[in-house]
Amino acid sequence: MKSFKHIISRPAALTGIAALLTMVACTKGFEDLNKNPYGVSEEELKWDYQHIGEPFKQIQRSIYVSNPTWVYQVQQNLMADIFSGYMTPPNPFGNLNNNNNTYNLQDGWNVTLWGCAYGSFTPSSESSVMPVCDYVENLTKADNQGFYAWSKILKVLTMHRIADTYGPIIYTKYGKVNADGSVDYDSQKDAYYAFFADLTEAVTILAKLQADGAPQSFTKFDLSPYAGNYGKWAKLANTLRLRLAIRIAAADPGKAKTEGEAALAHPIGLLSATEDDFNINVTPVDHPLFSISAGWKDTRMAAPMESILKGYADPRLAKFFATSTEFPGEYKGIRQGVAMAGKEIYENFSALNPDLLSNRRIQFMTAAEAWFLKAEAALNKWAGAGNARTNYEKGVETSFAQHGVSGKYADYIQDNTSTAAPYVDPKNAANNIPAGNPWLSKITIKWDDVATDEKNLERIITQKWIALFPEGQEAWTEFRRTGYPKLFPVMINNSGGKISTTEFIRRVNFVNTEYETNPKGVQKAITLLGGPDNGGTRLWWDKP
């Protein structure tokens, strides 16, 4: 089988992030896509499922990489965390201020997300998601259905994020090299259809194992709070299926309804309470955002978070962020893409609250999100969704419980006057968003039974956006899909006209290493994309 490699080049504008960036890379070549990527004989590992269980730890750690921290930084924090309106770097990086933050997309940063899905890590040489899933699925399909189903869920959980960043991806055709050496991509639609099929298969398997009282086979390898429980993993898969169904509702309403109603009708159910929240334990290392925020001072609150949370007097504000060290007692965010000649200008704005990151768990999906998904499904009039208002209020209540502010819920949910606050940049008034500015959200908190569905959708997504924090990937995706909550346009746009300032960034372009090693595959993928390969082209589900 012919190999293809994905190598991370040195980021052109990443000077000052971490010296490690010039020393090691996230991905390296993988020579045989169906080969055991661990270099240890199966006979040596078969004791107590070690031969299939240990690789699963790597899959879980590769959804978002926490160690080394710089990988997470370029995989997530310098992409989706910025584009979502959650966080903004105070660092111009080498005094250039010409990077993702200003829409000059850096291939040396953006290749990391792609590589951590398809490549292999150095210096540990542990393979990442697709190579390991391919390995374990081939090994377990016939005689270890629990592990097989688990792999399917983790693969979809990872790869829908890749599709939601780039568009077409290599999924069903993974490991299938054409005669000319190329590897074909799936269209995003085809990838999503495959995601639904994989989740359906996984839930069917896990539900049967649970009903049969089968022993839990992967408990010791599960880095989540689920501890290998088949029912909890089935709930996660059902909720993920509903997430993806909601995502494609505008692009493919018939398929969305079918998949969404199937998820809603499944007897095992969805995530519903905080104990169902899904996260991955990264012990013994710290949560990567802790180092990026507190240690490196490379990320701070974004201006939309300040505007919305302060305007709502939201008690989660103090749970998410610390007050500014330059403006005592104040929460200060940075608008994306502002002019900055040096790091010292904005680094004393609000850092992340260390307590939010102290449990060493990376959040991927919460029960609060499940309730907001149900609220939107109810707006869509999908069977089994229940009442939109009830679901919306339950979403807010569950988020409040998650962050330990339940006592403030009763007053908050009845607030029908508070809206996003004007944004003031004390460093540069040109960045301000004053009252009456069209980019300032006017949506209130309390549900309005007589409001249009569109207004109540804005209400749902705005609260969902708050509740998703700090998971910027999903927040960015939901903003692109719905246009909510209202965010602030980038101040400096260095995309050369490829990305519209007022329509925001829609995707990330395919990486240079794919052009170098799989050029024919990439050219076919661009035809599936339906537009130029740049950050201004909308994805399949992203309908204006």
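Guide: Happy to! Let's begin with a term: a cavity is a set of grid points where a 1.4 Å probe fits but cannot get out. Keep in mind that this model is predicted.

Visitor: How many cavities of 30 Å³ or more are there?

Guide: The count comes to two.

Visitor: Which residues line the second largest cavity?

Guide: Its lining is made up of Tyr 64, Tyr 72, His 287, Leu 289, Ile 362, Gln 363, Pro 470 and Glu 471. By class, that gives five nonpolar, two polar and one charged residues.

Visitor: And which residues are closest to the centre of the largest cavity?

Guide: Of the 15 residues lining the largest cavity, Ile 82, Gly 85, Pro 304, Gln 336 and Phe 488 are the closest to its centre. Helix H4 (80-83) and strand S1 (87-88) are the elements that give two or more residues to this lining. Sorted by class, the lining has 11 nonpolar, three polar and one charged.

Visitor: Now the helices. What describes two packed helices?

Guide: The angle between their axes and the distance between the axes. Here, helix H17 (residues 453-468) packs with helix H18 (residues 472-482) at about 165 degrees, their axes being 9 Å apart. That angle makes H17 roughly antiparallel to H18, and their crossing is left-handed.

Visitor: Which residues in H17 and H18 meet?

Guide: From H17 come Ile 461, Lys 464, Trp 465 and Leu 468, meeting Glu 474, Ala 475, Glu 478, Arg 481 and Thr 482 of H18. This contact has four nonpolar, one polar and four charged residues.

Terms used:
Residues numbered from 1 in each chain as written. Predicted model: local features only at pLDDT ≥ 70, side-chain atom pairs only at ≥ 80, totals over all residues. Heavy atoms only, no water. Axes fitted to C-alpha atoms, helices over the stretch in contact; angles between N-to-C directions. Helix = DSSP H or I, 4+ residues; strand = E, 2+ residues; numbered from the N terminus. Parallel < 35°, antiparallel > 145°, perpendicular 65-115°, else oblique. Left-handed = near helix turned anticlockwise from the far one by under 90°. Contact = heavy atoms within 4.5 Å. Nonpolar A, V, L, I, M, F, W, Y, C, P; charged D, E, K, R; others polar. 1 Å grid on protein atoms, 1.4 Å probe; cavity = no way out; pocket = protein on both sides within 12 Å on 5 of 7 lines; lining within 4 Å. Points joined across faces, edges and corners; volume = space filled by probe spheres on them.
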